[in-house]
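The exercises below are meant to be worked through with the coordinates open. Each task is followed by a solution that goes step by step.

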Amino acid sequence: MADLCFICDKKLSEGVSVNVVRGLQTLKTASIERNDGHIDYLNTLSSVNVHSECRKVYTSKNVIIASKRRTDESEPSTSSAPRKKRNEVFDFGKLCLFCGQEADEIAEKKKKLKYRRTISNVSTLAFKDNVIKRAEERNDSLGELVKERIYYEYDLIAAEAKYHTICYTNFLTRVPSADKKPRQDDQVTQAMKEIFYYIENNEDSQFTLKELKDVPTEYIPDDKTIITKLQQKYLTDIIITKKIGSFTIISFRDTQLNVLSKAWYENKKSTPVEERLRIVEAAAAIIREDIRSSVVETKTYPPPNKMLDCINEEIPKTLSHFLEEMILKNRKGQVDHLKTKCTSISHAIMASIRERSFSSQLLLGLSVFLHRRYGSKKLLDVLSSLGFAASYSNTIQYEVSSVYHPQPRILPSESGALKDCRNFQPTTSAEIKAFLGVMIMMGLHPLPDFELYWSSDPFYNNPDISSTFTLNRFKKILQNLHLNDNRTKEPRDSVNFDRLHKLRPLIDQLNAIFLQQAEESGIYSVDECMVKFKGRSSMKQYMPMKPIKRGYKVWARCDARTGYLYCFEIYTGKTDTLDEAGLGFTVVTNLCKNVPRDSLVTFDNFFTSCKLVDVLYQNGIFSTGTVRKTRRGLPEFMKEKPHSKKEKLAKNEFCAMTSEPIVAVKWLDTKEVSVLTSAHKQSEVAIIKRTQKDGSKKEVFCPKAIADYTLHMGGVDHFDHFRSSYPTGRKSRKFWMRLFFFMLDAAVINAYILFLSKHAQRDSDHREFRLRLARELIGSFTCKKLAHIQEFVLLWKSGSMEMRTCRSFRNNIT
């Protein structure tokens, strides 16, 4: 017995055991309350060994109470029938005892904050009685279900029962729908009789739902009931229109037979004048009935680029035929302008007859154009009263909808679209080349605002730029510059959606040309470039440790010596197609697809991993890169810090390990430097110079892998240095313009590097090369209007043209 726990009758060695001395009296009291017969054994001892967990359960008051209840229930009772057991076991430890759903704290923490539900444990014995009492008061299916769950559970505390706090609150406070008074059918019938009487004895044929709900004197049915009853009674004679931001319109239409019988066959007039008027009234009644019976779309607005599409389909044939007979009868020649007048008159008539249930696209489009052009409420009110435009309130409602649901705009705000269309001049390849040349020239001569290049102040004015383009023409090209067809863009939810759709043709073409024109050196560096951008874009990155902290991230592979850009990728954010090895692995493998065999690629610790070095080696590419201590597969001496001074490396000492084909090197300079390489041996050493505090140079030994890494890693930095010298980039609201300027600079830099490689003597620096390139792109191009003026001035100065001029003009010319 000494080796056994008297509570569970198991060996003490199977768990954590304790020797109970002071708490022996507590065990005796628990034994008496349990009436389990252990009290006699405990009275003979001064201390006892038991399991720690068994002691907690054995002395728990809640568990003792539950044990007593089970004992009482197990005894036969003569006063009542035995209790019914539940058919299925409910897991109180995992499920909410009210809703029956999972109650897991860990799962709730993973949810968003607004979707989390607080979970509580049953902590009082009175909880069960209170819930049962409330379940009986509810007298509904949920109350019966909860009561059945907990009624036969003797101790909810011992069962570790859980529940959602919101479920508990709803169970106690919400009144079941059965407690509400049911709707009486006779009250609905009486209310609908009053509504039917009001409709059938009213001369108007259009009603609002609010107007019909004001008719009943006692009980008022809800909207759905009224609409259902109206449809059941009037069938196809009723039109129900739910207008955006307004009331629900209920319209009634007579059948063609009723209109003809009332307007034509009844009440014929005797005099010719009255008979003619009666015929016109009959025609008006037929057209009015067709207008009211036509079904039009009022739930959504068409996009601006489709505002005038299908406007003739909404016009009833009777109205269209009536106006064509009046206006186009016996007309010859071009009648398109007259047909347009018929359409506008038709829309004005339909808008007048159905003010609340018809929204004319033609009138709305005109009012939106006038509002964006002039912004005058009074103008729209006057035109709306004449029937020539939509009301000001409908115009504002459309503008608000376009803000919440933006669509392609057909009328640019505050721009005068008709004037722009009239003055539009198609561009040419020569003009685009000149435009690029001007952009390069602006990078050499930066000003705060590009409009200053056309300033009349000679301090700002640049004759090479102002003589090539007029300011308006340059702004028009810059505003309308596109690199791809927006109509081919895939929707955002599509698998083929491309965030760089606007730039994709130029990106692909530049990457292909850069590789085609490159002179392979065999040593490359892979790193990231930052393109400055502070606007709104999901692709924008924040890099607090970089000189450019906010902007686009561009992965680049450059020549380690010259900085030539071979290929690049623009980072668009996280994707589902990322390789398991990480982002760095994917970037390097994509950029090195076209690298020749036996080449050397260097990269920093963001990219380096054992898998990357191994995969590149299998493809015939050597690589070297610094590595982070947290990467997988590294040897222990690179991961752990030394435990003692003896294990710590002295300055300029290194240790290395080889696992073919990878060599891991750790060197202590001012700090520890860890490198993975497949291009060096662990015993290779180089001599480098270090500057001492007194300014002298000292030669020290360094692993050759680290020396080569330092020598070859600066290719992308060299490219960035070129790019920051004379950048063409300017502020723009278009998210892709900064990337376009980056690619323009990259093309110029690569052209300059190739120029230097072709010419042994360096007779041109970077600035001079850019200026020569810009002037070569511009060539002899100039705006036609400006060329005409220059020709006129030359003729006037030469004396071949005699004409009278004012004194101020003559002085300016001379």
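**Exercise 1. Aromatic pairs between strands and loops**

Is W555 buried or exposed, judged by its relative accessible area? This is a predicted model, in which local features need pLDDT of at least 70, side-chain atom pairs count only at pLDDT 80 or more, and totals for chains, interfaces and linings use all residues. Residues are numbered from 1 along each chain as its sequence is written, and side-chain values use heavy atoms, with hydrogens and water left out.

Solution. W555 has a relative accessible area of 2% and is therefore buried, where buried means under 20% relative accessible area, exposed over 50% and partly exposed in between, with a 1.4 Å probe and protein chains only.

Next, search the whole structure for aromatic pairs and classify the pair formed by Y524 and Y566. The search gives 30 aromatic pairs; rings of Phe, Tyr and Trp (its six-membered ring) pair if their centres lie within 6.5 Å, and planes under 30 degrees apart count as stacked, over 60 as edge-to-face and the rest as tilted. For Y524 and Y566 the ring centres are 5.1 Å apart and the planes stand at 85°, so this pair is edge-to-face. The two tyrosines are 42 residues apart and link distant parts of the chain, Y524 being in strand β8 (residues 523–532) and Y566 in strand β11 (residues 565–570); helices (H or I, at least four residues) and strands (E, at least two) are DSSP runs, numbered from the N terminus. Y524 is buried at 0% relative accessibility, and Y566 is buried with a relative accessible area of 0%.

W555 and F607 also form an edge-to-face pair, with 5.7 Å from centre to centre and 80° between the planes. This pair again links distant parts of the chain, 52 residues apart, with W555 in strand β10 (residues 550–559) and F607 in the loop between β12 (599–603) and α25 (610–618). F607 is buried, with a relative accessible area of 2%.

**Exercise 2. Charges over rings**

Which ring does R557 lie over, and which ring lies under the charged end of K553?

Solution. R557 lies over the face of Y524, at 5.0 Å from the ring centre, by the criterion that NZ of Lys or CZ of Arg is within 6 Å of the ring centre and within 35 degrees of the ring normal. The charged end of K553 sits over the ring of F606, 5.8 Å from its centre.

**Exercise 3. The setting of α25**

Identify the buried residues of α25 and what covers them.

Solution. C610, L612, V613 and L616 are buried in α25. The elements that cover these residues include α24 (583–591), β12, β13 (621–626), β15 (662–668) and β16 (672–677), contact meaning heavy atoms within 4.5 Å. Just after α25, G620 adopts a positive phi of about 85°.

**Exercise 4. Helix packing**

Describe how α6 packs against α7, and then how α28 packs against α29.

Solution. The axes of helix α6 (residues 126–138) and helix α7 (residues 141–151) come within 8 Å and cross at roughly 150°; axes are lines fitted to C-alpha atoms, for helices over the stretch in contact, and angles run from 0 to 180 degrees between N-to-C directions. That angle makes α6 roughly antiparallel to α7, since angles under 35 degrees count as roughly parallel, over 145 as roughly antiparallel, 65 to 115 as roughly perpendicular and the rest as oblique. Among the residues that make the contact are V131, I132 and A135 of α6, and L142, V146 and I150 of α7.

Helix α28 (residues 715–725) and helix α29 (residues 737–758) pack at an angle of about 110°, with their axes 10 Å apart. The two are thus roughly perpendicular to each other. F719, F722 and R723 in α28 meet F742, D745, A746, I749, Y752 and I753 in α29.

**Exercise 5. Backbone exceptions**

Solution. Most residues other than glycine have a negative phi, and most peptide bonds are trans. The bond from E660 to P661 is cis, with omega near 5°, and P661 is in the loop between β14 (654–659) and β15. N35 has a positive phi near 60° and lies in the loop between α1 (24–34) and α2 (39–43). At 69% relative accessibility, N35 counts as exposed.
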